[in-house]
Amino acid sequence: MVTSRRYLIASSLARLIRKERGGNRVTEGHFPNQADRSSFVVVEGDKGSLVLLHAGPNGPIEERTEVPRAHAEALLDVTPGKLDYLLTHLTVGTRDIQIVRFVTPGPLDLISVPFESDEEARDFRPLSWFGPDVTTEVAYQNRSIALEGAPQAPDVPMSNAALNSLLDTLENRYSAPRGYTPNAPARSSAEAGTGQRNAPPTAPAQGNERAAQPQRGVLSRPAASVDADMGDDDAGDDNDLNLNIEDNVIRELARSLRPQRR
């Protein structure tokens, strides 16, 4: 069973992520609630899916069936609740992090982190650029947003440490918080029989030009230490200040990083 946790994120940080990594547009149409199940249709790119959710002994069970895009669009036309969002994927350690920007009926920016089990979800420790945890708040679930509208999300405070942590993620310089060990990929049945584990991801080659040079539009700086990510008092002068950063400052930064028109 796949479960997830959701967090708010400052809109300016979400905008910076989309600028660097792009995103895929997704449309969902939700049908009215029923006593024992719910259903919705999804259109992403040239693919369509019909999703059924019903109660199981250990929680909700999802059944997803691919349908032609034309059929999915026809179903969208008869759904009473619709939403559009941009979905951006980030890899943090071994974890897939999804940045969701709701356009309709938004605007609203969220972080969604999928897990294979409830225990795995409980053990997860969010990074410093994550906002408040809204996992248990029904108003921030897709179904509620589609049928009842987007909630009025509070402003998410930011700090210098949070921005530095995000930049490390975008530059593939992730450092796990102190005491945090990312969950390793699940072992296959063949590996379980031989006692071999999946090999860790291979680091980019040192001679690779893209790895050696900073990405365009990303601030370059030394990789943050574990103490820096946790905001430790001994982490250095930059984090001792832990300056607050206003949302409009990040917006101006994003504008300045845009390629200039000629």
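**Labels and their criteria**

Guide: R37 is partly exposed, at a relative accessible area of 41%. This is a predicted model, in which local features need pLDDT of at least 70, side-chain atom pairs count only at pLDDT 80 or more, and totals for chains, interfaces and linings use all residues. Residues are numbered from 1 along each chain as its sequence is written, and side-chain values use heavy atoms, with hydrogens and water left out.

Visitor: Why is R37 called partly exposed?
Guide: Buried means under 20% relative accessible area, exposed over 50%, and partly exposed in between (1.4 Å probe, protein chains only). R37 has 41%, so the label is partly exposed.

Visitor: What makes D36 exposed?
Guide: The relative accessible area of D36 is 52%, which is over 50%, and therefore D36 is exposed.

Visitor: How do you know that R37 and D36 form a salt bridge?
Guide: A salt bridge requires a side-chain nitrogen of Lys or Arg within 4 Å of a carboxyl oxygen of Asp or Glu. The N to O distance between R37 and D36 is 3.6 Å, so the pair qualifies.

Visitor: Why is the pair E62 and R64 called a salt bridge?
Guide: The closest N and O atoms of E62 and R64 are 3.3 Å apart, which is within 4 Å, so the term applies.

Visitor: Are these two partners buried, exposed or partly exposed?
Guide: E62 has 46% relative accessibility and is therefore partly exposed. R64 also has 46% and is partly exposed.

Visitor: Why are E73 and R69 called partly exposed?
Guide: E73 has a relative accessible area of 33%, between the two limits, so E73 is partly exposed. R69, at 34%, is partly exposed for that reason too. Elsewhere, salt bridges that share partners join R18, R101 and D109 into one network.

Visitor: How many salt bridges does the structure hold?
Guide: The structure holds seven.

Visitor: What share of the protein is buried, and how many helices and strands are there?
Guide: Buried residues make up 37% of the 262 residues. The protein has 10 helices and eight strands.

How values were computed:
Helix = DSSP H or I, 4+ residues; strand = E, 2+ residues; numbered from the N terminus.
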